[in-house]
Amino acid sequence: MKPGLSVLPDNYAEIDTTIRACLRDVLGLSEERVAGFHEETPLFGALPELDSMAVAGLLTEIEERLGILIEDDEVDGEMLESFGALVRFAAAHTPR
């Protein structure tokens, strides 16, 4: 588990669902495709829809829906490496 998130928050399932909805809505992915994402599903570099231009829109949508702030210096390849990494990142920034 990523440092800084030693215990899953109570709302982890809600965060997971929100991240799936953001990926679907921002990237135009199908419900079926996003539903099939699991912890290790690769994102940046593996999803053609998630290019560098789409990252900004995706992160803005995540911020708005979860009520969090993602600082520019926090955005890196690790947080976007997999679906699980993105959910854990968002969960670590979401108030408990």
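In the predicted model, Glu 32 is found in helix 2, which covers residues 31-35. The relative accessibility of Glu 32 is 63%. Exposed residues are those over 50%, so Glu 32 counts as exposed. Arg 88 lies 56 residues away from Glu 32 along the chain. The C-alpha atoms of Glu 32 and Arg 88 are separated by 22 Å.

The overall fold was examined next. The chain contains 4 helices and 0 strands. Its pattern along the sequence reads α-α-α-α. The radius of gyration of the chain is 12 Å, and the globule rule gives 12 Å for 96 residues; the two values are close, so the chain is as compact as a globular protein of that length. The C-alpha trace spans about 30 × 30 × 25 Å along its principal axes.

Of the 96 residues, 43% count as buried, that is, under 20% relative accessible area.

The chain carries 20 negative side chains and 7 positive ones. The centres of these two sets lie 5 Å apart.

Note on methods:
Residues are numbered from 1 along each chain as its sequence is written. This is a predicted model: local features need pLDDT of at least 70, side-chain atom pairs count only at pLDDT 80 or more; totals for chains, interfaces and linings use all residues. Side-chain values use heavy atoms; hydrogens and water are left out. Helices (H or I, at least four residues) and strands (E, at least two) are DSSP runs, numbered from the N terminus. Buried means under 20% relative accessible area, exposed over 50%, partly exposed in between (1.4 Å probe, protein chains only). The radius of gyration is taken over C-alpha atoms; the globule rule is 2.2 Å times the number of residues to the power 0.38. Lys and Arg count as positive and Asp and Glu as negative; His and the chain ends are not counted. The place of a charge is taken as NZ of Lys, CZ of Arg, CG of Asp or CD of Glu.
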